[in-house]
Amino acid sequence: MLLSSSATITSNPITLTVRQPVPVQGDDRICLVLLDNVEYDNRKRVDELYEQALGGAILRAAVYGKDGRVIEFDQNNQGWTKQGLVASGEELSVCLSCARGTLPASFSAVRIAISSDKPVRVIGVYWMSMAEM
């Protein structure tokens, strides 16, 4: 968990420092929870809720490594979890990632600066890492 409280992401980056370096495991994402208690019963309705919550905003994150490298996470994708990671219910998120192959296996994140071209309200932020298959 990077941020367990509400925040508004703007063009002025919000900087989050991790307690221990986060090692890369393959398919890594930074997920910003937009809404909770979003049942995934209708894809069109969920897509509409996602678009409304984002309001056309484009988010990005500068991920600072333990070795001093900075990797840009500028790909925005919709995410949904049945078991809430920030809130208690089903969560709808925007998940930021970098281009495939950009994040070296030796990379460990120590700090993350997240910004948006338009204000976006989030209820929490977490790092999701899954080994590539």
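1. Two strands count as paired if DSSP finds at least two bridges between them. Helices (H or I, at least four residues) and strands (E, at least two) are DSSP runs, numbered from the N terminus. Strand 2 and strand 8 (residues 108–116) are joined by 6 bridges and run antiparallel.

2. A word on the model before going further. It is a predicted one, in which local features need pLDDT of at least 70 and side-chain atom pairs count only at pLDDT 80 or more, while totals for chains, interfaces and linings use all residues. Residues are numbered from 1 along each chain as its sequence is written, and side-chain values use heavy atoms, with hydrogens and water left out.

3. Four strands form an open sheet in the order 2-8-4-5, with antiparallel pairing. Strand 2 (14–23) and strand 5 (70–73) are its edge strands, each pairing on one side only. On average, neighbouring strands here are turned by 25° against each other, direction ignored; axes are lines fitted to C-alpha atoms, for helices over the stretch in contact, and angles run from 0 to 180 degrees between N-to-C directions. As background, strands of a sheet pair through backbone hydrogen bonds, either parallel or antiparallel.

4. Two residues of strand 8 are worth a visit. Serine 108 lies in this strand and counts as buried at 16% relative accessibility. (Buried means under 20% relative accessible area, exposed over 50%, and partly exposed in between, with a 1.4 Å probe and protein chains only.) Leaving out residues up to four places away in sequence, serine 108 touches Pro21, Val22, Pro23, Tyr64, Gly65 and Lys66; contact means heavy atoms within 4.5 Å. Arginine 111 is also placed in strand 8, but is partly exposed, with a relative accessible area of 34%. Beyond its neighbours within four places in sequence, arginine 111 is in contact with Thr15, Leu16, Thr17, Ala62, Val63 and Tyr64. Arginine 111 and arginine 19 are 92 residues apart in sequence, and their C-alpha atoms are 9.3 Å apart in space.

5. Which residues does the disulfide join? Cysteine 31 and cysteine 95 are joined, with an S to S distance of 2.2 Å. The rule is a pair of cysteine sulfur atoms within 2.5 Å, and the count comes to 1 disulfide. The torsion about the S-S bond is about 110°, so this disulfide is right-handed. Cysteine 31 sits in strand 3 (residues 26–36) and cysteine 95 in strand 7 (residues 91–97), so the pair ties together parts that are 64 residues apart in sequence. Both cysteines are buried. Cysteine 98, by contrast, is in no disulfide: the nearest cysteine sulfur, that of cysteine 31, is 13 Å away. Cysteine 98 is buried too, with a relative accessible area of 11%.

6. Strand 3 and strand 7 pair in the antiparallel sense over 6 bridges, and the bridge partner of cysteine 31 in strand 7 is cysteine 95. Strand 6 (residues 75–81) is joined to strand 7 by 7 bridges, again antiparallel; here tryptophan 80 has leucine 92 as its partner. In strand 7, 7 of the 7 residues are buried, so the strand is largely enclosed by the rest of the structure. Glu91, Ser93, Cys95 and Ser97 point one way, and Leu92, Val94 and Leu96 the other. In a regular strand, side chains alternate between the two faces of the sheet.

7. The largest nonpolar core has 34 residues, of which Ile30, Leu32, Phe73 and Ile114 touch the most other members. Such a core is a set of buried Ala, Val, Leu, Ile, Met, Phe, Trp, Tyr and Cys residues joined through side-chain atoms within 4.5 Å.

8. Finally, a loop detail. Asparagine 37 is found between strand 3 and helix 1 (43–54). Asparagine 37 has a positive phi of about 60° although it is not a glycine, and is exposed, with a relative accessible area of 55%.
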